Amino acid sequence: EASGGTPSSELHFLLLTRLATASSTKQAAMAYLLMVLLSMFAVNKLISHLNLSPTISLLVQIGTALVIPRVIQKVLEKKKVGLKAPLLSSLQFVQGEAVELGNGDVTVVEFWATWCPPCKTSIPHLNEIYQKFQDKGVGFVGVTAEQESAIRPFLQATPAFTYPCALDPGATVSSAYGVSGIPAAFVIDKEGNIAWQGHPMSGLE
């Protein structure tokens, strides 16, 4: 193998890569890492105890690498539906006009980052929804905790990203929404309450 590692070590690397992508805060990253290490330890112990063939062992590890991050994210995710949505007043808009919650309009708030592949995959879909509903009383904002120096070049190089974008200094808004993984989207109703939350590619529209 080019990396010189074993299939098991490469799967561990895959897991950690997926966790780094999913995690939006240092605290979440540490929680993910601890839970993954414990889970992988348990899986490896089980494989060793069952004396599975190398092929079956590899399949089990691949399945673990694909499933564990999603399961852990669901466990850590804090459901906010029905609660009052945290305000967005601390956001710094770098594209589009600032949005205000509870002003009689529905608002879509999506948390993302330039280094997150699933986030970038979601951009065309979000833009399509934005173009469809922006004239129907629906506001949009993509929120990132990254620096402006990283965001502006990305926006300029990504013509599909036409909806408003805002910086979240210190990830204060992200933390207020209980975001443990990105991309994460929230639909805020006309009264300023969270009506829906989930992955922007799954059920947002």
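The questions and answers below cover the sheet, the core and the cysteines.

Tutor: This is a predicted model, where local features need pLDDT of at least 70, side-chain atom pairs count only at pLDDT 80 or more, and totals for chains, interfaces and linings use all residues. Residues are numbered from 1 along each chain as its sequence is written, and side-chain values use heavy atoms, with hydrogens and water left out.

Student: In what order do the six strands of the open sheet run?

Tutor: Strands (E, at least two residues) and helices (H or I, at least four) are DSSP runs, numbered from the N terminus. Two strands pair if DSSP finds at least two bridges between them. The pairing in this open sheet is mixed, and the order is E1-E4-E3-E2-E5-E6.

Student: Which strands are the edge strands?

Tutor: An edge strand here pairs on one side only. That applies to strand E1 (92–95) and strand E6 (194–198).

Student: How many bridges join E2 to E3?

Tutor: E2 and E3 run parallel. The number of bridges joining E2 to E3 is six.

Student: Which residue in E4 stands opposite valine 143?

Tutor: E3 and E4 pair in the parallel sense, over three bridges. Threonine 144 has leucine 167 in E4 as its bridge partner. Opposite valine 143 stands alanine 166.

Student: How many residues of E3 are buried?

Tutor: Buried means under 20% relative accessible area, exposed over 50%, and partly exposed in between (1.4 Å probe, protein chains only). On one side of E3, Val138, Phe140, Gly142 and Thr144 are buried; on the other, Gly139, Val141 and Val143 are. The buried count for E3 is seven of seven.

Student: How many residues has the largest nonpolar core?

Tutor: A nonpolar core is a set of buried Ala, Val, Leu, Ile, Met, Phe, Trp, Tyr and Cys residues joined through side-chain atoms within 4.5 Å. Among those with the most contacts inside the largest one are Leu88, Phe111 and Tyr177. Elements giving two or more residues to this core include helix H4 (117–133) and helix H5 (148–157). The largest core has 40 residues.

Student: Why is the disulfide of cysteine 116 and cysteine 119 assigned a hand?

Tutor: A disulfide is a pair of cysteine sulfur atoms within 2.5 Å. Cysteine 116 and cysteine 119 are joined with S to S at 2.5 Å, and both are buried. The torsion about their S-S bond is about 80°, so the disulfide is right-handed.
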